Structure formats: C-alpha cells, structure tokens
Amino acid sequence: MVEPTPTSAEGGRRRGALATLVVARIRMFLREPASIFWVFAFPAILAIALGTAFRDQPPEPPRIGIPTDGTALTAVDLASLGTAAKGETASLHGPKVILEESPRAVLDEALRKGRIDVIVIPGEAPDSVVYRFDPQRSEARLARLVVDDVIQRGRGRIDHASISDATEMPKGARYIDFLLPGLIAMNLMGSALWGVGYGMVQERSKKLMRRFATTPLTKTAFLSSYVLSRLVFLAIEVAFLVGFGSLVFDVNVAGSVALVFGVALVGVLSFTGFAVLCASRTPSVEVVSGFINALTMPMWLLSGTFFSYERFPEAIQPIIKALPLTALNDALRGVINDGAGLLDIAPQLGVLAGWGLFAFALGVRLFRWR
Amino acid sequence: MPSGSDAAVAAVTCRQLVKRYPDVLAVAGIELTVLAGECMAVLGPNGAGKTTTVEMIEGLTAPTSGEIAVFGNVWGRSRKDDRAIRGMLGVQLQETHFQEKLTVLETIALFASFYETTRAATELMALVALESKADARVGKLSGGQKQRLALACALVGKPRLLCLDEPTTGLDPQSRRQIWEIVEAFKAEGGTILLTTHYMEEAARLADRVAIMDHGKLIALDTPTALIASLGAEDIVEVLADRELSQARLDALPGVSSAKSEAREGGVRVRLSVVDISQTLPALLALAAASGTRLDGLVTHRATLEDVFVHHTGRALRDG
C-alpha cells in the first residue's frame, strides 16, 4: 500500500472538498425541476397574480340599503340618494353610492354578510334618520360618512370651504411597489430554509451523512457547502425578481442595486443559520418540514409580506419588529422603495445578523452526522 | 496461524469493547485484532452486534467503554488521531443512498475531493466495471452497480483498511462474484479488510480468519479450516425422525463426534457431526429400524462454517 503523502500525485491540482461539494449541490439543484419552479416561477406567478389584482382598481362605491317595507324615508332624502346613485354628483369615478332596495329582513341579512355597508332607516323623531352599520368594518364607517354627506347636503347643508382633490400618487407608493420587496424577502427565506434544511435532512435519512462522517471531510466544510451553494442562487434569484419587477411592473430600485444584493446576502446567511438549526438533528423530511412551516408561516403573516404589519396592535409591534423576516422586509423596502442607504437600514441588518449568528452557532453545536 | 500479539502489524486493535444502548447490550466486551494485510470476516446472525462493532471501528458509534486503535491511532484520543484514521479508512456502509441526481463520475470525484491521496477516477471505474456508466445518473444504476459504486467510493482515498458491512446482501450471484474479485484485488495489493457477512461462501472465499459473533460476544475466532477442524468432524448428517431417539444411543453410534436433537414440526431434527460416515450411516439406520422410528429427509454434507456456527450457538446463521 502507498503511504499517505501530503500532496496529490496524479491529476495535477484538484478542487478541494468544499468547492467540489458546492459544485455538486448546484448541479443537484439544477437537475431538480421542482426546485426551479419554487424558486423562480412561483414568486413570478404570485407577483403577476397579486400585482394584477391590485392594479389601478377604482374604489368600490358604498352600498346603501333602503328598506321597502315599514315607514318610508322622506321624499327629499330618497331624491338625494337617487341622484347620488346616478353618479351626477360624483366628482371622481362613477356613482357615489350604490342603492339596494329590499325588505328590511333581506337587508339585515345582507348587512350581516357584508354585502351592503349601511342601512338607512327613518328615525322615531320627525325627519330623523338612523344609520345602521358595523363599526368594525372600515368600508362601513366610510359608507356611513358618504351617505350622511349625501343626506345632509340634500337637506340644504352648505359647505363653506372650497375643496379640490389631488389624487396622483407618487411612484413607489403603489401596492405592487410594496409587494415586490416582500416577495423577494419571502423567496429568500423560503429557498434558504427549504434548500438547506431539506437538503441536510435528506442526506441524513439517505445515510449519506454517515458515509461522509467516515471520511476526512470536516463538519465546517460540510455545513459551509450548503451555505455557499445558497449564495450562488441568491444572486440569481434576486437579479431575476428585481429585473422582473422592473420590466413587468415598472418597480424600480430607488436606492443602490448593490445594496439590495447586500441586504439579500445578510438575509440569506441569517435564514441559512435557521435552516442549519432546524436540520441539526432532525431524522426525517416530514419533521423538518414541520419545523420550517412553524417558523415561516407566522412570519409570512406578521412580518408584512402582503400588507403592512402596522395594522397589528401596538402591543405586539416590538415583537414583530424583532422578527428576521420583518427586518429583511423593512431593509429591502427601504432600499427599493425609499432609496435608503446602508446607515438607514443598519438596525435591520443588525437584527438579521444577530438571529443568523445565534441560530447557526446553536445549529453547529447541536449538529449530528447521524 | 498468525498471532495477535504482534502490535507492529496490527491494523485494528479492539480492547474490552462495550456498547450499551438503553434497552440492549449490543457489544459485550470484545477483544479483537485485525492484522495488517489480512481479511477478517465477522460472521453472525442479525442482531449479533456485527454492525455495531464495525461502526465503532469506523468511528461512527462511540463505544460505551473500551478502546479502538487503527494502525496505532486511537479513536477519540485527539483530533489528529481521528483525522489520521479517517484518512486511512475506506468504508462501505450497509445502506448508503448516493445522490441520485449526480453521475457516477461526479460521485467518485466528490469522495476523491475529501482525501489527500487518491486513485484516478478512470482507473477506479475500470476496476469496478463502471467505465461505460461514467456519465449515468446514480438513480439509474442497478443494485449491483450501486454497490460497486459504493466500493469505488470506499477505495478512492487509497485506504489501508477497507471496512465492508454486508457488501453483497441482496445481490445476484454474478454481482456478488464481481464484488469479491474487487475485494481480492485490493487484498492482493496488501490492503487490510474487515468484512461482515451472513453468507458462508463469502467468508470462506475472502477471509483469512473468521470471527463468529453472537449476542454481542465473540464466540470463535480462527482460520476457516481450523474452525471446521475444531468440530472434530468431516461430515454432517441431518435427518428428521418421527420420534425422539435417546441421546445416549446417538452418542454411542460409531464414528459420531457429537449429536444434537431438536424438536421440529413433524418430529425431531437429529444432527450428527461424524468422522467416518461409512460407519455411522448403517448404524443410524439400524438404530431407527430397531426402535421402529421412521426417518425422513436424510441429508449429509461436508462440514462448513455454517456447521461451526450451529455447533457454537445451536442456531442456523440465517435464523436471525
């Protein structure tokens, strides 16, 4: 037998273990059609679907219910509501209100189901009016204001201030502008967690990890190969989604494009840390799927991917802001929508890096080859 | 017979090796030395502790107590020792599923990248007869081809010790012979082999020495020839009797070195280890006739390692 010597005799320079593993992982990914779909096609389809659904949609006029049974409204009120419904007084788009005339019982049911916003009923005192609506729904509160305005003016109210509306919104404030960075963040989180977590557990359940453990391959090189192969795809993913947003939806990066990649890099490193933690000892892909879902689902909801997290109660805002996906969303939106610089998003990057280091360190400590 | 006391040529030395799991004592204190350049086969039924022992030698399972040295490096003594052992080890596990999306050549190159000195991939693929499959995805290989790929990956780092855990289980006879030829070629170059198997022919063909394990203990260790000779018999006679024959009468049959009876469905299975079959058989038939016993399914064969195992444990190897 030949004694081991420190250098390889044949074949000239060989690639090291880390580089070879990274290349192998990239090959495996590219040969898996399903993963290509989830990483590239899925976010694009989601962006098209949501972007189209929310593009330039005129606001729906309030739906007002008028009972056809019981005491009738005064002729003056009915006339002004009728005029409003015809759209002649509308200053913006189409009719100001939509009227629905039905028996009271039918209207109550429609109100309960949210099909109409306000029911207008004559009050007990002469010439008084009752607005029946659900104050929990913002559409209903708006409808109440609109219908009150129609009735008060019909009865002769004079507006003293002269008003003009300015409704052109600046670029970067559309829903798609808000949505696209959220989709990029969601995609980075998903591909880091699934790509690394699933990959690790799969190699463990195939007993391939045990086979690796009998070779001189180090734990550091093995785990790093997952992280590094993710970074290659990160660049492609981000370039694809940013380019897609710019071409299809005219969503342009207000700040530095390099900084977008920088933020994405920190984000992916952070979520890869979580992936290593989720998969450090997990024996089966079913269990790791559960871990990853438990981690990602709440963050999709809370972290403002599809709508702003400011709508959640004040009390849980500090918790939401401490989540890594919130930090990634805020940092990406800062750079893409508001043109923020490195210093502006430093707190978010700090949150991401802190989580990532904590999760990775814990994951490496817990890691088992078997 | 080689002697285990010569430490200079020991490839593997296990001292007082114990592995205790919460519910079972898998390995109950084993002393084992594998000499450099020999092929040692560990034989035993499922659950005998073979795989646990080999996995401790491979560094996959930490022993509860005891010590394992591989070419003078002790597992767990220092990082340097562990790394040195891993560099000298070529391993084939009982089940490893390589990445199905990688090709044969890519898989071998991946394992090659872990080692400092390696064999050329083309040479290895020729050795395991997979040259024509170099660019085939692993997922498309047959069972025998996958097993040969596993062997190629075990050999790629120019190991000094090759550990094979049931390398031919589930393979057809032709694939099995191909694996044996590869192992023999490795041995011819001076390599050391530690092999577990429950195939008798495999141990008889490949092994210089055979260790028989049962219930976590080493119950016999010697060359195949010496183990068979230790039975004191050349032939084995087995027959199913419809009633019990007295042990004293069986022992008294001419040419019998040992006799065992065991109740079976349809009667009693009698098993005789015999030195001279020409004396024993007529006497056995006479004994049956005299006692009115019906004999059925009479079989005789040359004594094998299987008989050694049955002799020591009272069970057949494949009974589990």
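Axes here are lines fitted to C-alpha atoms, for helices over the stretch in contact, and angles run from 0 to 180 degrees between N-to-C directions. On that basis, the axes of helix α2 (residues 33–53) and helix α8 (residues 219–249) of chain A come within 11 Å and cross at roughly 25 degrees. The model is predicted, so local features need pLDDT of at least 70 and side-chain atom pairs count only at pLDDT 80 or more, whereas totals for chains, interfaces and linings use all residues. Residues are numbered from 1 along each chain as its sequence is written, and chains are lettered from A and ligands numbered from 1 in the order in which they are written. Helices (H or I, at least four residues) and strands (E, at least two) are DSSP runs, numbered from the N terminus.

**Helix pair in chain A**

- The crossing angle makes α2(A) roughly parallel to α8(A), a term for angles under 35 degrees, while angles over 145 count as roughly antiparallel, 65 to 115 as roughly perpendicular and the rest as oblique.
- Residues are in contact if their C-beta atoms, placed from the backbone, lie within 7 Å; the α2(A) residues that meet α8(A) include A:V39, A:F40 and A:P43, and among their counterparts in α8(A) are A:F233, A:E237 and A:F240.
- The residues of this helix contact comprise 10 nonpolar, two polar and one charged, where Ala, Val, Leu, Ile, Met, Phe, Trp, Tyr, Cys and Pro count as nonpolar, Asp, Glu, Lys and Arg as charged, and the others, Gly among them, as polar.

**Sheet in chain B**

- An open sheet of six strands with mixed pairing runs in the order β6-β7-β8-β3-β9-β10 in chain B, two strands being paired if DSSP finds at least two bridges between them.
- Because β6 and β10 (217–222) of chain B stand at the edges with a single partner strand each, one side of each is left without a neighbour in the sheet.
- From one strand to the next, the twist averages 15 degrees.
- Five bridges join β7 (residues 161–165) and β8 (residues 192–197) of chain B in the parallel sense, and B:D165 stands opposite B:T196 in β8(B).
- Helix α11 (residues 305–313) of chain B lies across β3 (39–43), β9 (209–214) and β10 of chain B, at about 35 degrees to β9(B).

**Contact between the chains**

- Chain B contributes 33 residues and chain A 31 residues to the contact.
- On the chain B side, α2 (79–88), β6 (89–92) and α3 (104–112) each supply at least two residues, and α3(B) gives the most, with four residues.
- This side of chain B divides into 12 nonpolar, 11 polar and 10 charged residues.

How values were computed
Contact = placed C-beta atoms within 7 Å.
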